[in-house]
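I opened this entry to get my bearings in a protein chain that I had not seen before. My notes follow in the order of looking things up.

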Amino acid sequence: MHLNKWKYQNEWFVSLLFACADIIALSNLKHLDLRANNIESFVTTKGIKRMSYLRNLQFESLNSNSSRVIQSLKSFSFLKSLSYEDSDLTAPTIIYALRNLSTVEYLYLKGSSVNDNFLPNIGQMTSLKVLSMPSGENNGTLPNQGWCELKHIEEVDFLDNNFEGTLPSCLGNLTSLRWLCLAMNYFRGNIVSHSIWRRLTSLEYLDISHNQFEVPLSFSQFSNYTKLIYLDVGYSTIIPDTEFQNWIPNFQLEFFGIYGYIKLQKLPSFLHYQYDLRILVIDENQLQGKFQTWLLENNTRLAGFYSRDNAFDGPFKLPSIVHLYLETIDVSNNKLNGHIPANMSLAFPKLSFLNMSQNYLEGPIPSMFCGTHLEFLDLSVNKLSGEVPVDLTIGSPQLLYLRLSNNKLKGHMFLEVKSHVLSFLYLNGNNFEGPLPENIFLRSLIVLDASRNSFTGEIPRWITDNKRLLQLDLSNNHLQGLIPVEICNLKFLNVLAISENRLSGFIPSCVSSLPLKHIHLEKNQLGGELGHVLFNFSSLITLDLRRNNFAGNISHAIGSLTNLNYLLLSHNQLEGQIPTQICMLNDLSIIDLSFNMLYGPLPPCLGYLTRTKKDAEISWTYYPATSTRSWLSFEIWMRSKRHYHDSHGLPSDLFLMDVETQVQFSTKRNSYTYKGSILKYMSGIDLSSNRLTGEIPVELGNMSNIHALNLSHNHLNGRIPNTFSNLQEIESLDLSCNRLNGSIPVGLLELNSLAVFSVAYNNLSGAVPDFKGQFGTFDKSSYEGNPFLCGYPLDNKCGILSPKLSKINRDEEESSELECFYIGLVVSYGAILLGLAAALCLNNHWRRAWFRMIEALMFYCYYFVLDNIVTPIKSRRLIN
């Protein structure tokens, strides 16, 4: 048994990691944590029942015998706090076991599921002050009895469940309620018309965001909430309310969130009377007009100001007062213009997070304008010009994140960095030129994106100075020379993107020792064989080597890339057959081997690839759910939003480059770039412009989730498989320029998603599919080059042959008859000869007679030629 003890508020806390019978010696124990253990049987023993002084008890992941465990707790007369996390509490006996716990004041059921009878029957827990059951996936409507009888209840947390409907009227009886969180459910109703909101005047914290409530713009229904300091109504429906526009509130909020309304006309007028705000969130409202500087003027204690995704225009004006507490400003994705204020560090001396991206800001970047506390600076997607100040980072020694992407910045990039904390540097999408600066590979960097500039020269070998780099993107520049072997010293590199440069030579074989997940080297002049590149690369997800000079076969070692999703090798000089080991890659969703010299048959096992990935997309929410009492410490709450690092000190997905999830693929006769959530659902195979032969395997019809299939410009023959009617998700199917014959399967009419279809230039015959559904959108170009196809939209009507086609048919018929005559003649003579040979072999008398006859014929022929040809010729010569 391992115990951890610590002192807190003069009481001993014990975390029990492994339960055993020796626990009975701790009879005076007050706090017991049994999480992450299998303790159902242990907790019901006589030993634990002797802990009569136990006040705080925590369980986790109990999915059986939960009622038996709770029943055993009735002897704990001093038990005040009970926590059941991530457990199954749906058994009918649970509620009856809880009724006996009359002394419990704090009941925490985070992540636990309860049955429908739980809330209607907990009224007997008369001492209960806190009922917290967030993230339990509970559903249904809230009952109008039971839990509303908890007269002493002060905190109720139903965050992130599936509750729905209107709120019960009995909720108004909980007049002692200070904390109410109903966020992220499906509640509805107009909060003005419901009387409960006029009775809950003790509320200090109210979060009804992410529901379907209707909230009047005046917020006058909260006029009697004298204690209210936290109000979040994000993603509700704001309705006009002109009757109480100029009322003066009796409360002073510290947090106010009104966001996600798309077209909010104006801010509520009561904000003019708020002077104590610490956090103000007005994101995603499309608010128009000049930037609301008065919000900063009014609230001198503001710590966080969030106004992204609006339509504010004009310059960003600084308030006339100094904000001593403001740490976070986010005004991204607005229409702000003009220059960046040069004296921002004077107005906000403690500013640590500044996001002014996606605006129309112009002019140069001011020198040393953000102060010594700055950690995050994003000025991307503006119209900033000029050179980057050399001392930009000198004045911000704590700068961790710097994004200058997609501006008009130019010149030689040089950053004077005296600290060792800058971890995320984005310079992409500018006009920087010259060689990569010596100090660009800072030892502290985790992500470096210098793509889409005009950098020249070679990749510097001092790249080895960095030992932490996870992602490197130098794409779309004018870099040349070799990929330095020193790149293999980046032991943690996940993303290597140097596409669209002028690199030559080979890929260093040592890269297979790196934990790379994404390789983007397309559009260079790299060459050699791929065997050493593909070997032992189990971590790889994306391999993009398109438009290079790679030659040789696709190595059988490709089967070791067990996590590969995207294989892009088009426009090279690869040859040989497609290895069957490619079918071992069960996660493949996009394959592009087009424009090579591959030959041989199509592997039938390809039909079991390109399954759509069902992985949940990693999402990032700017304002995560607020936990209990987090509103009491806004500074800690705000810092938790930044997501700089996870618990292991590594960067979160917020700061990873888009390059890792970006793939270019040709479909629907165009080349598209897929990334993010769209890429997750994209799947396709492009084997066009090779030398593939044989028939199309019927197994390819098993790819029910594929979106694009291109087998054009090969030497495939045989019929189009009827199984292609199973390609229900396909949008682009190109089988043109092959040697396919037979008819077009009628079952293709069932492909309702098909947008591009071509079987042109084959040897197909018969009627084209009916001109309806998706096939009603395809013109004759989809079928041209097949003279034996007929039906609309072709000019050839089925059953009626044109003169040209009739002549072709007659010529083909005559040619066929002549061919049959020659074949019959050869077969007849062959049969006679074979019969004669057999007879001579079987009969000796016939064989001797045959040879005597041949000898006599030869003798007669000899003298015939001698008498009739040779002798006359000699006589004429003598006469002459």
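**Record and helix 11**

Where does UniProt place the feature "transmembrane region"? The unreviewed UniProt entry puts it at residues 821–842 and 849–866. UniProt positions are given in the numbering used here, feature names are shortened, and annotations may be inferred rather than shown by experiment.

Before going on, I noted the ground rules: this is a predicted model, where local features need pLDDT of at least 70, side-chain atom pairs count only at pLDDT 80 or more, and totals for chains, interfaces and linings use all residues. Residues are numbered from 1 along each chain as its sequence is written, and side-chain values use heavy atoms, with hydrogens and water left out.

I then checked the span 821–842. It is 100% helix and 0% strand. Its end C-alpha atoms lie 32 Å apart. Helices (H or I, at least four residues) and strands (E, at least two) are DSSP runs, numbered from the N terminus.

Next I looked for a nonpolar surface patch. I found one of about 670 Å², made by L818, F821, Y822, L825, Y829 and I832. Patches are made of residues with over 30% relative accessible area and no salt bridge; like charges are joined within 9 Å, nonpolar side chains (Val, Leu, Ile, Met, Phe, Trp, Tyr) within 5 Å. A salt bridge is a side-chain nitrogen of Lys or Arg within 4 Å of a carboxyl oxygen of Asp or Glu. Accessible areas come from the Shrake-Rupley method with a 1.4 Å probe; for residues, only the protein chains shown count as cover.

Y829 lies in helix 11, residues 803–842. Is Y829 buried or exposed? Y829 is exposed, because its relative accessible area is 53%. Buried means under 20% relative accessible area, exposed over 50%, and partly exposed in between (1.4 Å probe, protein chains only).

**The whole chain**

I stepped back for the totals. The protein chain has 12 helices and 58 strands. Of its 880 residues, 51% are buried. The accessible surface comes to about 40,500 Å², and carbon and sulfur atoms hold 52% of it. I also looked up contacts, meaning heavy atoms within 4.5 Å. Among those between residues at least 6 apart in sequence, 54% join residues at least 24 apart.

**Disulfides**

How many disulfides does the structure hold? I found 4. A disulfide is a pair of cysteine sulfur atoms within 2.5 Å. With the bonded cysteines numbered in sequence order, the pairing reads 1-2, 3-4, 5-6, 7-8.

I started with C148 and C170, whose sulfur atoms are 1.9 Å apart. The link is right-handed, with 40 degrees about the S-S bond. This pair links distant parts of the chain, 22 residues apart. C148 sits in the loop between strand 10 (139–140) and strand 11 (155–157). C170 sits in the loop between strand 12 (162–165) and strand 13 (179–181). C148 counts as buried at 4% relative accessibility, and C170 counts as buried at 7%.

C583 and C605 came next, with an S to S distance of 1.8 Å. This link is right-handed, at 65 degrees about the S-S bond. The pair links distant parts of the chain, 22 residues apart. C583 is in the loop between strand 45 (573–576) and strand 46 (590–592). C605 is in the loop between strand 47 (597–600) and helix 9 (634–639). C583 is buried at 15% relative accessibility, whereas C605 is partly exposed at 23%.

I also checked C790 and C798, with sulfur atoms 2.1 Å apart. The torsion about their S-S bond is about 95 degrees, so the disulfide is right-handed. C790 is buried at 14%, while C798 is partly exposed at 41%.

**Two loop residues**

G111 is in the loop between strand 7 (106–108) and strand 8 (113–114). Beyond residues up to four places away in sequence, G111 touches D86, S87, P134, S135 and G136. The C-alpha atoms of G111 and Y84 are 8.5 Å apart, across 27 residues of chain.

S405 is in the loop between strand 30 (401–403) and strand 31 (408–412). S405 counts as buried because its relative accessibility is 1%. Which residues does S405 contact, leaving aside neighbours within four places in sequence? I listed S380, V381, Y426, L427, N428 and N430.
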